[in-house]
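Look over the model before reading on.

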Amino acid sequence: MKKFAKKLSAITAMMLAVVMFVTACGNGAGGDSNLAQGVTDDEILIGNVFVVSGPFAFVGIPIVESIRAVIERQNAHGGVAGRQINLISHDDGGDPTQGHLLIERLLEEDRVFAMVGLSGAQAPMSLDYMLDFGVPIVNITGGLGLLYSEYNPGGRMFNVQPSNRIDGPILLARALATQVYGPNRDQYLPDDARIGVMLNATDAGFELAESIETLAREIGVYDRLMIEFVTADIYFTVIQQMMTSGVEVLINGTMDGMGIVAAMYDAGWYIPVFSVYGQSTVTSFSPVTYHPQRPLFATIWAEDTSPEALAMLADMRDTFNYLPHIPAHEADGFIDNGFARAGYMMGMVLVEGLRRFDELDLELTWENFVVAMESDIFDLGGFPNFGFADGRRMGVEDLALWEYWVYPNGEVGFGVIDDFMSVDEILAPWRARTGN
């Protein structure tokens, strides 16, 4: 087992539910697809709508600044396809209605060539409109299944972040196949042990439940599941019921690892906990409620400790040299900010997609954006490679395993403890051992 450990200082949540959009090349709905909207001889217009004011500005500001930093560096190095990139950014204030109007303005009045960055609240209200308009979308989101497709030839929605329907089965696979049980934490989960699952009654929770149940039926462990939809006020009650039922591992499908572990602490319940990728951050847990016999794990789709990841972070820091209004100390802080990293990734995917037009000698059309995006994998360092060939629009499908722990001196540690793997790869040793 490969282990990359890290002290408390350099990672923040990167997996929060944020919906970002990168669009590329084309025309308004119903127009000639060969007309490149937002493209002139010397510039490409890019639109952005995000929340950069109000209580959620802490999310939007680092995202937008990181996107801008990547774009400005690319402009300083000659732009793309012989053109400079012009980012038009609007603040939606966290209001979905206002955001939708701004998106309409960008697409229909400003006629931007692409969009990069869309507040998470915008997806339900604006997604259908954007798809009907015809604009390609590269998406980093909270994983809602309606945004993903296993086979959609010509589809213009390109997801990057993992789907909930990927995360759920990987959580179950990790719970079954990871040797972290017993007094020495070196045993597998007993073959008859019950598996607890706690979820919120949300779209994400329902998708996680369905995907976990599907895999459980396939591998013959469905009758061992105990799935409960919870709110904070019933954590303790549900935990007591699971204890009575003999649950020996908990899959936490909520975003409240802190609260659930605190309730386990109050109940004196010591079993491993496997949480969704949005909880692979040090702020998701507390050293006060930690216990080594209650090990805390989460899936993770990005790491920052391998040589490749460190090179990515150094590259990200370099982009801020092209934003003179960002002081050096503030730029240094963005490197440890998960939202800023998401913005960096968004900008890098946008720029890479545009670069491919030159490499493939393509005209700037939306149809050719699909060709460019499907032409090769994306390898950004710190993330598993992902691609969109043959109409697959699933984004990242291999997740690593992350752990949170506390040293005897009270210092917090955390890090990636096992590599990026698919469900089948994780389960292969378990299948060999159990015959399932």
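Arg 356 touches Ala 372, Met 373, Ser 375, Asp 376, Ile 377 and Phe 378, leaving aside residues up to four places away in sequence. The model is predicted.

Q: Is Arg 356 buried or exposed?
A: Arg 356 lies in helix α10, residues 338-359. Its relative accessible area is 3%. Buried means under 20%, so Arg 356 is buried.

Q: Which residue's backbone oxygen does the side chain of Arg 356 reach?
A: The contacts of Arg 356 include Ser 375 and Asp 376. At 2.9 Å, the side chain of Arg 356 reaches the backbone oxygen of Ala 372.

Q: Are α4 and α5 oblique or parallel to each other?
A: Helix α4 spans residues 164-177 and helix α5 residues 203-219. Their axes come within 8 Å and cross at roughly 50°. Angles under 35 degrees count as roughly parallel, and 65 to 115 as roughly perpendicular. The helices α4 and α5 are therefore oblique.

Q: How many nonpolar residues has the contact of α4 with α5?
A: On the α4 side, the residues include Pro 169, Leu 172 and Leu 176. On the α5 side, Leu 208, Ile 212 and Leu 215 are among them. By class, the contact of α4 with α5 has three polar residues, four charged and, for nonpolar, nine.

Q: Is the crossing of α8 and α9 left-handed or right-handed?
A: Helix α8 (residues 307-319) packs with helix α9 (residues 328-335) at an angle of about 145°. Their axes are 9 Å apart. The crossing of α8 and α9 is right-handed.

Terms used
Residues are numbered from 1 along each chain as its sequence is written. This is a predicted model: local features need pLDDT of at least 70, side-chain atom pairs count only at pLDDT 80 or more; totals for chains, interfaces and linings use all residues. Side-chain values use heavy atoms; hydrogens and water are left out. Axes are lines fitted to C-alpha atoms, for helices over the stretch in contact, and angles run from 0 to 180 degrees between N-to-C directions. Helices (H or I, at least four residues) and strands (E, at least two) are DSSP runs, numbered from the N terminus. Angles under 35 degrees count as roughly parallel, over 145 as roughly antiparallel, 65 to 115 as roughly perpendicular and the rest as oblique. Contact means heavy atoms within 4.5 Å. Ala, Val, Leu, Ile, Met, Phe, Trp, Tyr, Cys and Pro count as nonpolar, Asp, Glu, Lys and Arg as charged, and the others, Gly among them, as polar. A crossing is left-handed if the near helix is turned anticlockwise from the far one by less than a right angle, and right-handed if clockwise. Buried means under 20% relative accessible area, exposed over 50%, partly exposed in between (1.4 Å probe, protein chains only). A polar contact is a pair of N or O atoms within 3.5 Å; within protein, one must be able to donate a hydrogen and the other to accept it, and residues adjacent in sequence count only if both atoms are side-chain atoms.
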